[in-house]
Amino acid sequence: MVDMRINIGTLQLANPVMPGSGTIAEGLAQAMDLSQLGAIVTKTITQELREGNPPPRVAELPNATLFSIGIPSKGPDYFVKTIVPFYQSFNVPLIASISANTAEDFGTLAKRISVPGVSAIEANISCPNLKKNGEAFAMSAQSTHEVISAMKNATDLPIWAKLSPNVGDIAEIAQSAEASGVDALVCANAMLAMGVDVKTRLPKLAMITGGITGAATKPIILRMAYQCAQAVSIPVIGCGGITDATDALEYMLAGCAAVQVGTASFISISAMTKVRAGIEIYCNEHGFEKVTDVVGAMGSYAPSTIHAGSL
């Protein structure tokens with residue numbers, strides 16, 4: 001039997017599979033056993049009440065989906081009183097995803113939701129920083145440091161930082177987050193994109209631009225996750241384009257300790273459980289007694305096997 005347990009900092013998960021934030025809701029418990037997950041990551045919440053962006057907010061693309069949801073939120077009071085108690089019955093670590101407009105607000109919100117039942121907080125630092133003209137926090141090493149520092153001063157809970165793929169050097173941001181005391185990295189959020197309907201001559205999203213997710217993004221974000229894993233000593237959680245166990249294993253072999261499944265769950269409610277089962281089957285077939293032995297097990301080609309003109 002394969003030991004599927006993994007550690008993300010001080011937090012132990014029964015297996016390395018969890019949802020990406022915004023891709024799971026309480027209704028999913030009627031269709032699948034949430035206790036089979038390694039962790040449950042909630043939809044991102046904000047301090048203020050938010051309705052989200054106007055429609056259209058979703059557009060299907062080949063092997064991808066374009067989103068501009070706008071983080072609808074019922075606020076921290078609703079989260080503490082309603083969401084946390086609901087998920088406690090599944091005996092799975094609950095990871096609260098949060099977003100805020102300033103570093104100080106990240107700290108304030110982190111303190112507000114640091115209640116029994118919350119195991120860790122995922123900082124969605126891909127959101128705009130109002131003090132930096134709307135630039136995402138995760139696009140700046142300094143802004144990343146300010147957010148994580150504010151949260152570390154506000155809560156004793158483990159903190160995960162969800163990075164943005166919309167940067168030139170993601171390893172630099174990862175190292176800044178690690179130096180600031182973050183417990184794990186999630187790589188990565190959606191990539192900025194847009195689409196135009198040539199029949200109506202209108203943008204496919206009301207807000208014109210949005211984030212692209214799904215299978216088409218995997219090779220790019222896999223590369224970024226690998227770079228992060230090479231640059232830091234804390235766990236990296238791969239997130240981007242994972243549709244099956246093979247995708248998840250690519251991330252893990254490249255150095256990720258765990259994975260988050262997002263868009264695939266909109267296509268199949270059993271996506272996460274199939275990924276978990278597939279990872280276990282792979283370990284059995286390849287002689288891995290512990291799933292942690294898969295992490296970073298990707299080899300490399302010897303120089304003598306690389307020939308000029310092979311690219």
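Visitor: Hi! Where is the place of E122?
Guide: Hello! In this predicted model, E122 sits in strand β8.

Visitor: Is E122 buried or exposed, and what is the nearest side chain of opposite charge?
Guide: E122 is buried, yet it has no salt bridge. The nearest side chain of opposite charge is K162, at 4.3 Å.

Visitor: What else does E122 touch?
Guide: Leaving aside residues up to four places away in sequence, E122 touches S21, V41, I95, A96, S97, I98, W160, K162, V186 and Q260. So K162 is on that list of contacts too, because a contact needs heavy atoms within 4.5 Å.

Visitor: Let's zoom out. How many helices and strands does the protein chain have?
Guide: The chain has eight helices and 16 strands. Its radius of gyration is 19 Å, close to the 19 Å that the globule rule gives for 311 residues, so the chain is as compact as a globular protein of that length.

Visitor: What box do the C-alpha atoms fill?
Guide: Taken along the principal axes, that box is roughly 55 × 50 × 40 Å.

Visitor: And what share of the residues is buried?
Guide: Buried residues make up 51% of the 311 in the chain.

Visitor: What about contacts between residues 24 or more positions apart?
Guide: Those account for 69% of the contacts, counting contacts with a separation of 6 or more.

Visitor: Switching to charges: how many are positive and how many negative?
Guide: There are 20 positive and 25 negative charges, and their mean positions are 7 Å apart.

Visitor: How many salt bridges does the structure hold?
Guide: Seven. One of the salt bridges in the structure joins K218 and D247, at 2.9 Å from N to O. K218 lies in helix α5 (residues 218-231) and D247 in helix α6 (residues 245-253), so the pair ties together parts that are 29 residues apart in sequence.

Visitor: Are K218 and D247 buried or exposed?
Guide: Both K218 and D247 are buried. For K218, the relative accessibility is 11%, and buried means under 20%.

Visitor: Which other residue meets K218 in a salt bridge?
Guide: That would be E250, with 2.5 Å from N to O. This pair links distant parts of the chain as well, with K218 in helix α5 and E250 in helix α6, 32 residues apart. E250 counts as partly exposed, at 31% relative accessibility. Together, K218, D247 and E250 are linked in a network of salt bridges.

Visitor: Nice. What does R5 form a salt bridge with?
Guide: R5 pairs with D3, and their closest N and O atoms are 2.9 Å apart. R5 is partly exposed, with a relative accessible area of 46%. D3 also counts as partly exposed, at 24% relative accessibility.

Visitor: One more spot: where is A138 found?
Guide: A138 is in the loop between β8 (120-124) and α3 (141-154).

Visitor: Is A138 buried or exposed there?
Guide: A138 counts as buried, with a relative accessibility of 1%. Not counting residues up to four places away in sequence, A138 touches I125, S126, T144, L163, S164, V167 and I173.

Visitor: And what separates A138 from M1?
Guide: Their C-alpha atoms are separated by 40 Å, and the two are 137 residues apart along the chain.

How values were computed:
Residues numbered from 1 in each chain as written. Predicted model: local features only at pLDDT ≥ 70, side-chain atom pairs only at ≥ 80, totals over all residues. Heavy atoms only, no water. Helix = DSSP H or I, 4+ residues; strand = E, 2+ residues; numbered from the N terminus. Rg over C-alpha atoms; globule rule 2.2 N^0.38 Å. Buried < 20%, exposed > 50% of the residue type's maximum accessible area, 1.4 Å probe, protein only. Lys, Arg positive; Asp, Glu negative; His and termini not counted. Charge placed at Lys NZ, Arg CZ, Asp CG, Glu CD. Salt bridge = Lys/Arg side-chain N within 4 Å of Asp/Glu carboxyl O.
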